[in-house]
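This report describes a single protein chain. The sequence and structure are shown first, and the description follows.

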Amino acid sequence: MKQDMILILDLGSEENPKLAREIRAMGVYTEIHPHDISAEALSALPGVKGIILNGGPNRVVDGVSIDAGDAVYQSGLPVLCADHKGEPALPTDDAARADLLRRFVFETCKAEANWNMENFIADQVELVRRQVGDRKVLLALSGGVDSSVVAALLIRAIGKQLTCVHVNHGLLRKGEPEQVVEVFRDQMDANLIYVDATDRFLDKLAGVDEPEHKRKIIGTEFIRVFEEEARKLEGIDFLAQGTIYPDIIESGTKTVKAVKSHHNVGGLPEDLGFELVEPLKMLFKDEVRACGKALGLPDNMVYRQPFPGPGLGVRCLGAITRDRLEAVRESDAILREEFANAGLEGKVWQYFTVVPDFKSVGVHDGLRTFDWPVILRAVNTVDAMTATVEDVPFALLQKITARITSEVKGVNRVLYDLTPKPSGTIEWE
Ligand code: XMP
């Protein structure tokens, strides 16, 4: 293995991800593990140079302070306690804290600053080859950042032993399914099964207008299509997943309660009967992007804005119809193109269009029209829990309006949504 590691043992502190990132920022790889790690599990971790115990106030449960087991104290590795019976032991002043951590990592533990993407990829390639041997792996490749980076990493590690299945549920943005085929099948020579399940999804969704019901149909149907494809293949032992570190951290460890459980389109049930391959499970999102770039994925795939699993289905409000869905897709493409032209791509966190299921009267070439409006949404956020509205230049809004009303069939008005979260949510459904 090419990297040294500092192990953070979780005694309940919600600050552990921050601590992990602080040390990674020094160029040293970190992982967070449960406080009661066994001696076997500890010795199986490669490159551990030192251990930090961190509990914070959650460390004290019913008046008793929980502690790491003998495995840790008998390991012979340097140990730093970041809190003392729940009271912070690291300085709360940032510079002093960074200094103390740096001295522990480099002087006490003698770790080397050798955490970088090249080394991470080299290590994961070796680990995946070891895990998989000459057997076969299956991946649901949505085209999102995480599954795309997993695909690129596994193609490097095991080539044609990986089969990627891309299910097009008909609710993707303009050009997305084509790009998945182009990048993975044409450029990376992957084993890619492309399933156009548009009709199947849209038939199931016909007449369904309740948002949660729509989501459920999309999620369930996705799993059915994927399972059908998986059954056609023979000799698959592993399922690869684009799990990343925040998914694991937010789903809760033994000692920190869950922030939210992660469930998505593409979030496959555990009882599929495969062993999991999750090479990104220790990376934060920005690190996943860096990994994708280092593996040669295009920028618009690696830096793409968040896109909900149920896709344009939650932006074509009410019961989805093909013509309104096309209006969402085409108006979204115009919005994205104009934001890119204006240099806003990568600066605004998320932007998209919504088409409601009502019409209004307008006029075109002197004739009365009765068409849909398109709602523009552009928001900024750190964690998607709250969001502010982007102050889009008025001239740009006017340009986008002119293009959408002249280029998108069935649309005669454009509105800009000025609502922050709360009181609105980011999506409309
Ligand atoms: P809301 O609308 O809840 O959205 O303010 C917050 C963020 O989550 C995304 N979102 C989803 N992502 N599956 C997803 O993978 C979903 O069902 C889903 N619903 C909302 C949304 O795009 C925004 O970034």
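## A residue at the surface

Ala44 counts as exposed, because its relative accessibility is 61%; buried means under 20% relative accessible area, exposed over 50%, and partly exposed in between, with a 1.4 Å probe and protein chains only. Ala44 belongs to helix H2, residues 39-44. Its C-alpha atom is separated by 18 Å from that of Ala111, which is 67 residues apart from Ala44 along the chain.

## Basis of the model

The model is predicted: local features need pLDDT of at least 70 and side-chain atom pairs count only at pLDDT 80 or more, while totals for chains, interfaces and linings use all residues. Residues are numbered from 1 along each chain as its sequence is written, and side-chain values use heavy atoms, with hydrogens and water left out.

## Overall fold

The chain contains 14 helices and 18 strands. Helices (H or I, at least four residues) and strands (E, at least two) are DSSP runs, numbered from the N terminus. A compact globule of 429 residues would have a radius of gyration near 22 Å, and the 24 Å of the chain agrees with this; the radius is taken over C-alpha atoms, and the globule rule is 2.2 Å times the number of residues to the power 0.38. Along the principal axes, the C-alpha atoms fill a box of roughly 85 × 55 × 40 Å.

Of the 429 residues, 50% are buried. Among contacts with a separation of 6 or more, 77% are between residues 24 or more positions apart, a contact being heavy atoms within 4.5 Å. The accessible surface is about 20300 Å², and carbon and sulfur atoms account for 51% of it; such areas come from the Shrake-Rupley method with a 1.4 Å probe, and for residues only the protein chains shown count as cover.

## A buried helix residue

Thr198 lies in helix H8, residues 198-205. Thr198 is buried, because its relative accessible area is 17%. Leaving aside residues up to four places away in sequence, Thr198 touches Asn168, His169 and Gly170.

## Charges and salt bridges

There are 50 positive and 66 negative side chains, and the centres of the two sets lie 2 Å apart. Lys and Arg count as positive and Asp and Glu as negative, without His and the chain ends; each charge is placed at NZ of Lys, CZ of Arg, CG of Asp or CD of Glu. The whole structure holds 33 salt bridges, each a side-chain nitrogen of Lys or Arg within 4 Å of a carboxyl oxygen of Asp or Glu.

One of them joins Asp189 and Lys160, at 3.4 Å from N to O. This pair links distant parts of the chain, 29 residues apart: Asp189 is in the loop between helix H7 (176-187) and strand E11 (191-196), and Lys160 in the loop between helix H6 (145-158) and strand E10 (162-168). Asp189 is partly exposed at 49% relative accessibility, and Lys160 is partly exposed at 48%.

## Bridges involving arginine

Arg315 forms a salt bridge with Glu427, with 2.8 Å between the closest N and O atoms. Arg315 is in the loop between helices H12 (299-302) and H13 (322-341), and Glu427 in the segment after strand E18 (411-416), 112 residues apart. Both Arg315 and Glu427 are buried.

Arg403 and Glu337 meet in a salt bridge of 3.2 Å, N to O. It links helix H14 (residues 394-407), which holds Arg403, to helix H13, which holds Glu337, the two being 66 residues apart. Arg403 is buried at 17% relative accessible area, whereas Glu337 is partly exposed at 41%. A network of salt bridges links Glu337, Glu338, Lys399, Arg403 and Glu407.
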